[in-house]
Protein chains: 2
Amino acid sequence: MSLLVVGSVAYDGIETPHGKVDRALGGSATYISLAASFFGPVQLVAVVGDDFDPDDLRLLESRNIDLEGLERAPGKTFYWAGVYSSDLNDRTTLTTDLNVFADFKPKLPERYQAAPYLFLGNIQPSLQAQVLQQMNTPRLVAGDTMNLWIRETRGQLLDTLRDWDVLLVNDSEARMLSGEYQLRRAAEKILAMGPATLIIKRGEYGAVLFRRDGYFITPGFLLETVFDPTGAGDSFAGGFMGYLAGCGADPADPAAQRQAAIYGSVLGSFCCEQFGVGRLATLTRDEIDARYREFRAFTQF
Amino acid sequence: MSLLVVGSVAYDGIETPHGKVDRALGGSATYISLAASFFGPVQLVAVVGDDFDPDDLRLLESRNIDLEGLERAPGKTFYWAGVYSSDLNDRTTLTTDLNVFADFKPKLPERYQAAPYLFLGNIQPSLQAQVLQQMNTPRLVAGDTMNLWIRETRGQLLDTLRDWDVLLVNDSEARMLSGEYQLRRAAEKILAMGPATLIIKRGEYGAVLFRRDGYFITPGFLLETVFDPTGAGDSFAGGFMGYLAGCGADPADPAAQRQAAIYGSVLGSFCCEQFGVGRLATLTRDEIDARYREFRAFTQF
């Protein structure tokens with residue numbers, strides 16, 4: 001079944017100990033859509049400027065991503081640049097030029113409104129709410145947020161969060177949102193805010209999926225080289241949502257959610273193997289399934 | 001079967017965000033022995049001073065730990081004091097008084113020399129080698145080390161390491177020993193130094209067990225409150241070794257090693273629930289087995 005993804009499409013300048021790129025395709029919706037596209041059809045709602053490279057359009061199209069909802073506005077595409085620390089665990093933002101993204105008002109093409117699976121990428125919570133209002137009745141609504149919105153627009157965030165089935169955040173966001181340091185306590189407070197499922201991403205250490213009836217820990221894949229972690233969290237989200245949409249399982253089924261979380265970890269790990277979307281652009285479903293089996297092999301006892 | 005543990009017995013001064021103790025029973029061999037004692041008999045080789053509290057002796061005896069090898073020397077017991085950061089991820093050492101531990105020369109009672117399982121706690125590598133020379137032919141030799149020995153006595157460490165079956169270290173020690181940051185690369189180099197099995201402990205994130213034919217990831221248990229992480233890594237070692245000695249399985253059997261690593265994580269997690277050895281002193285085998293089943297429940301997919 002179709003997955004609708006709303007978020008940012010951007011150009012990124014990235015510097016890691018392994019090298020540097022000045023202007024690579026990026027943005028949360030890009031990573032989510034590419035990662036999800038291995039499992040089934042994806043519809044994208046985002047905005048780009050008139051500088052957007054036709055080759056990047058072709059890459060997205062070639063991956064089964066519907067671009068009717070990709071608005072082209074006069075001006076420049078969202079640009080972000082950052083540099084990673086030598087151990088890749090920290091990054092410093094050098095530039096954030098919102099450009100056309102500053103006035104982004106997501107508008108859903110009519111045929112997108114019936115999408116059964118919706119992922120609200122990290123944008124202003126009131127815009128996330130506006131997207132949800134344009135939808136019919138999706139089977140699964142999931143979304144992401146960030147420290148900025150938790151701090152600056154907490155009320156709006158709590159308002160829209162109430163209607164989500166799944167929230168995906170990283171550990172520092174979960175701590176900030178809940179005011180609790182230990183993840184189990186943080187999860188308890190966040191689940192009381194509305195979502196029936198909470199996924200807390202822990203970078204190289206994987207993720208924890210919390211439900212009111214239990215939790216599931218997926219480790220991170222041990223890469224030999226982490227080339228560039230940009231987009232790994234979004235690729236996790238794309239793998240998770242893509243798998244659920246693709247297999248059409250009951251999105252609240254605990255077994256399906258666990259499998260989806262492993263696919264999330266698999267996609268997040270591949271994402272780190274090259275700069276930007278480089279690895280996702282060449283990845284195959286066979287490679288994904290082989291790594292999924294590897295997860296089973298190194299976690300079973 | 002019997003497990004022989006060599007290492008330090010100490011008094012610790014510990015300060016965490018949850019409180020403070022001035023003089024609590026501690027030391028690597030104490031935690032290892034207590035954690036292992038839930039699975040079968042333990043023989044302890046260590047040294048204490050004439051200030052050692054008879055209540056602490058009674059605690060060790062009550063847990064099935066053979067104290068014939070616990071030397072009592074004139075002077076004071078090894079004393080360590082440290083304070084943890086607010087998130088418990090860092091600690092600063094305030095005091096290290098080696099006292100009687102400075103002249104520790106481990107001497108094995110004759111009936112210890114036939115112990116089939118040996119764990120060499122974190123002491124000077126040449127002392128670890130001397131212990132090994134006093135043994136008959138143990139089925140399994142495992143040991144720990146630390147940054148100090150990796151830096152100051154690297155040659156001695158590599159000499160004795162060659163004869164070990166299992167090395168247990170934490171991630172920063174593995175990086176220092178191998179000169180590699182990514183754990184898979186670090187493991188490859190360390191396995192080439194001799195041990196057929198390497199366990200890299202990752203604090204709250206669990207551990208990875210590496211062998212030449214594969215690896216196994218155990219997550220850390222998600223505690224609601226981490227009271228005091230002192231001794232958690234040693235408790236992991238004790239749970240791992242204790243389980244292998246207790247079930248008498250082929251210590252190179254991959255399935256037994258995986259189960260042992262889970263028991264290691266279980267014991268490490270309980271250790272953090274109270275100050276010092278407080279939780280290990282009241283723990284029961286039923287509680288351990290219940291948490292082991294919980295690990296299965298939150299890792300299966």
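Two cavities of 30 Å³ or more turn up in a search of the whole structure. The model is predicted. In chain A, four strands form an open sheet with mixed pairing. In chain B, strand S7 is largely enclosed by the rest of the structure.

**Cavities**

- Residues of chains A and B line the largest cavity: A:Arg202, A:Tyr205, A:Ile217, A:Pro219, B:Arg202, B:Tyr205, B:Ile217, B:Pro219 and B:Gly220.
- By class, that lining has six nonpolar residues, one polar and two charged.
- The second largest cavity is lined by A:Ile217, A:Pro219 and A:Thr299, together with B:Ile217, B:Pro219 and B:Thr299.
- Its lining has four nonpolar and two polar residues, and no charged ones.

- Strands S3 (19-26) and S8 (91-97) of chain A are the edges, and each pairs on one side only.
- Neighbouring strands of the sheet are turned by 15° against each other on average, direction ignored.
- Strand S7 (residues 78-84) of chain A pairs with S8(A) in the antiparallel sense, over six bridges.
- A:Tyr79 has A:Asp97 in S8(A) as its bridge partner.

**A:Ser28 in helix H1**

- A:Ser28 belongs to helix H1 (residues 28-36) of chain A.
- This residue has a relative accessible area of 8%, under the 20% cut-off, so A:Ser28 counts as buried.
- Leaving out residues up to four places away in sequence, A:Ser28 touches A:Gly7, A:Ser8, A:Asn122 and A:Asp234.

**Strand S7 of chain B and its partners**

- Strand S7 (residues 79-84) of chain B is largely enclosed because five of its six residues are buried.
- Strand S2 (residues 10-16) of chain B runs parallel to S7(B), and five bridges join them.
- B:Asp12 stands opposite B:Trp80 in S7(B).
- Strand S8 (residues 91-97) of chain B pairs with S7(B) in the antiparallel sense, over six bridges.
- B:Tyr84 faces B:Arg91 in S8(B) as its opposite residue.
- The hairpin of S7(B) and S8(B) has six residues between the strands, and B:Leu88 takes a positive phi near 65° there.

Key:
Residues are numbered from 1 along each chain as its sequence is written. Chains are lettered from A and ligands numbered from 1 in the order in which they are written. This is a predicted model: local features need pLDDT of at least 70, side-chain atom pairs count only at pLDDT 80 or more; totals for chains, interfaces and linings use all residues. Side-chain values use heavy atoms; hydrogens and water are left out. On a 1 Å grid over the protein atoms alone, a cavity is a set of points where a 1.4 Å probe fits but cannot get out, and a pocket is an open set with protein on both sides within 12 Å along at least five of seven lines; lining residues have an atom within 4 Å of a point. Grid points are joined across faces, edges and corners, and a volume is the space filled by probe spheres set on the points. Ala, Val, Leu, Ile, Met, Phe, Trp, Tyr, Cys and Pro count as nonpolar, Asp, Glu, Lys and Arg as charged, and the others, Gly among them, as polar. Two strands pair if DSSP finds at least two bridges between them. Helices (H or I, at least four residues) and strands (E, at least two) are DSSP runs, numbered from the N terminus. Axes are lines fitted to C-alpha atoms, for helices over the stretch in contact, and angles run from 0 to 180 degrees between N-to-C directions. Buried means under 20% relative accessible area, exposed over 50%, partly exposed in between (1.4 Å probe, protein chains only). Contact means heavy atoms within 4.5 Å.
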